[in-house]
Amino acid sequence: MNMSLVTMCYLVASVCFIQALKGLSNPRSARLGNAFGMAGMAIAVLTTVSVVAALREAPERGLALVAAGVVVGGAIGALLAKKVEMTKMPELVAAMHSLIGLAAVFIAVAAVTEPAAFGITVTGDYVIPSGNRIELFIGTLVGAITFSGSVIAFGKLSGKYRLRLFQGTPVTFRGQHFVNLGLAVVMVGCGIAFVVTQSWVPFIVMTAIALLLGILIIIPIGGADMPVVVSMLNSYSGWAAAGIGFSLSNPMLIIAGSLVGSSGAILSYIMCRAMNRSFFSVILGGFGAQSAAASAGSGVARPVKSGSAADAAFLMSNAESVIIVPGYGLAVARAQHALKELAEKLHDKGIKVRYAIHPVAGRMPGHMNVLLAEAEVPYDQVSEMDEINGEFGQADVALIFGANDVVNPAAKNDPASPIAGMPILDAYRAKTVIVNKRSMAAGYAGLENELFYMDKTMMVFGDAKKVIEDMAKAVE
C-alpha cells in the first residue's frame with residue numbers, strides 16, 4: 001500500500017478523533033462525538049490491515065493475528081458495553097487504561113527484540129538508533145507505570161478485594177516518598193544505560209521498577225481522590241501511546257496519544273482546581289492519614305432529624321424551586337430513571353427543578369453527567385457547580401442523593417479539615433435540605449458531614465430507588 005495514502009488515512013482518522021473530543025465536550029453533541037470516534041477507529045484499523053496485507057513476508061500470518069485481535073477485542077468490548085452497569089464504569093475505565101499501558105510495554109519489548117519488523121532502521125551489529133532508544137525508554141516507562149497504577153486504581157474503585165493494596169483507604173509507610181524518589185532515580189539511570197548501551201539488563205530492570213512505582217504511586221492515594229487518579233491515568237495512557245507512536249513512526253498513534261494525554265492532563269488540572277488542591281498533593285498521598293483521623297471524630301452518636309419519603313414529598317410539593325444533587329449513592333441504586341420521573345412530576349406542579357453537578361461527584365470525571373444523560377434528563381436542567389451555586393440561597397429545597405464530601409460545609413467552615421478550601425455545592429444555603437442515604441456512614445473521604453446535623457436538614461434513610469419511587473407516589 002502506498003505510504004502516502006497510509007499517512008493520509010491515518011491523518012483522516014486523527015481528525016475524526018479530534019472531532020470526537022470536541023463532540024464529547026458537550027452533552028448535546030456527545031453522540032456525534034462518539035460517532036466520529038468510532039469512524040476514526042474504523043479507518044485506523046482498516047488502514048493497519050491494509051499495511052499488514054502489503055507486507056512482503058508472511059502477510060497471511062499478520063492478517064490472521066490482526067483478525068484475531070479485532071474479533072477477540074471487539075467481542076469483549078461489545079460484551080462489556082452491554083453488561084457493565086453505570087456503577088462499574090469507573091473501574092472499567094481504569095481496567096482499559098491498564099491494557100493500554102500493557103500494550104505499550106509489549107510493543108516496546110517487541111521493537112527492542114525485532115526493530116526491523118517495526119520499521120526501525122538498524123546499523124551494524126544490530127544497533128538501534130539512539131533516538132529510537134530514547135522513545136522506547138520513555139514509552140516503556142510511562143506504559144509500565146500506567147499498567148500497574150491502573151490495576152491498583154481498578155481494585156480501589158471496585159472494592160471487592162480484601163488485599164490491603166486494593167482498599168479505598170490510603171496505604172502508607174515510613175519513608176515512602178524517599179523510597180519512591182530512590183526508585184525513580186534508579187529507573188531513570190537504567191533507562192539512560194539502555195539508551196547508551198542497548199543492553200537488555202537495564203531495560204528489564206527499568207521496566208520492573210516502573211511497574212513497582214506504578215503501584216507505590218497509587219496505593220497512598222485515598223478514595224476521595226480517585227476521580228483525579230482515573231483522569232491522570234487516562235493522560236498517562238495517552239502519552240504511552242504517543243511515545244510508542246514515535247518509535248513506530250506512526251502519525252496516528254502520535255496524534256491520538258497526544259490528544260488523550262493532553263486532554264487527560266487538562267481534565268486532571270480542572271478537577272484539582274475543583275478540589276482546591278494541587279496535582280502534586282494528590283500524587284504525594286491524597287488525604288492520607290489526615291482523613292482517617294478526621295473521620296474518627298469524637299465517637300459520640302449525634303442526633304439527626306429524620307423523616308419519611310412522604311414527608312420529603314410534602315416539603316417539595318409546597319416549594320417553588322428544588323435543586324437536586326446526585327451522588328454515587330444514586331448510581332449504586334440505579335435510580336436515575338426514577339429520579340427523572342420524580343422531577344417530571346414536580347415540574348408538572350409548576351415547581352422549578354434543576355440538577356447540580358460537582359466536578360468530582362461519583363467515581364470518575366463526568367460520572368453524574370453520564371448517569372443523568374442515560375435517563376435522558378433534559379440538558380438545560382443540568383448545571384455545573386459554578387453555574388448553580390449562586391442559586392442555592394434562593395432554593396426552597398436542596399434534594400441530595402448519596403452525595404457527601406461535595407456538599408460538606410467543613411470545606412468552608414473548618415480550616416483543620418482535610419478538605420478545607422475545596423469548592424463545594426452550597427446546598428447548605430437552601431431553605432430546607434433533604435438528604436437520602438442508606439446510613440450515617442462517612443463519605444469516600446472518611447469525613448463526617450456537618451450538613452446532616454443542621455436544623456434545616458431532614459435525613460431520609462433507605463435505598464435511593466425505593467425512596468425516590470415513594471416520593472413520586474406521595475407527590476401525586
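How are H14 and H18 oriented to each other: roughly parallel or roughly antiparallel? The structure is a predicted model, in which local features need pLDDT of at least 70, side-chain atom pairs count only at pLDDT 80 or more, and totals for chains, interfaces and linings use all residues. Residues are numbered from 1 along each chain as its sequence is written, and side-chain values use heavy atoms, without hydrogens and water.

Helices here are DSSP runs (H or I, at least four residues), numbered from the N terminus. H14 and H18 are roughly parallel (angle under 35 degrees). Their packing is listed below, with axes fitted to C-alpha atoms over the stretch in contact and angles run from 0 to 180 degrees between N-to-C directions.

| Item | Value |
|---|---|
| H14 | residues 336-348 |
| H18 | residues 464-475 |
| Angle, H14 and H18 | about 20° |
| Axes of H14 and H18 | 9 Å apart |

Contact (heavy atoms within 4.5 Å) involves Ala338, Leu339, Leu342, Lys345 and Leu346 of H14, and Ile468, Glu469, Met471, Ala472 and Val475 of H18.

The largest nonpolar core has 41 residues. Such a core is a set of buried (under 20% relative accessible area, 1.4 Å probe, protein chains only) Ala, Val, Leu, Ile, Met, Phe, Trp, Tyr and Cys residues joined through side-chain atoms within 4.5 Å. Met187, Phe194, Ile218 and Val229 have the most contacts inside this core. H4, H5, H6, H7 and H8 each supply at least two of its residues, and H5 gives the most, with nine. Beyond four places in sequence, Met187 is in contact with Phe137, Leu141, Met206, Ile209, Ala210 and Leu213. Another core, apart from this one, has 40 residues, including Ala331, Leu346, Leu372 and Phe401.

Key
Buried < 20%, exposed > 50% of the residue type's maximum accessible area, 1.4 Å probe, protein only. Parallel < 35°, antiparallel > 145°, perpendicular 65-115°, else oblique.
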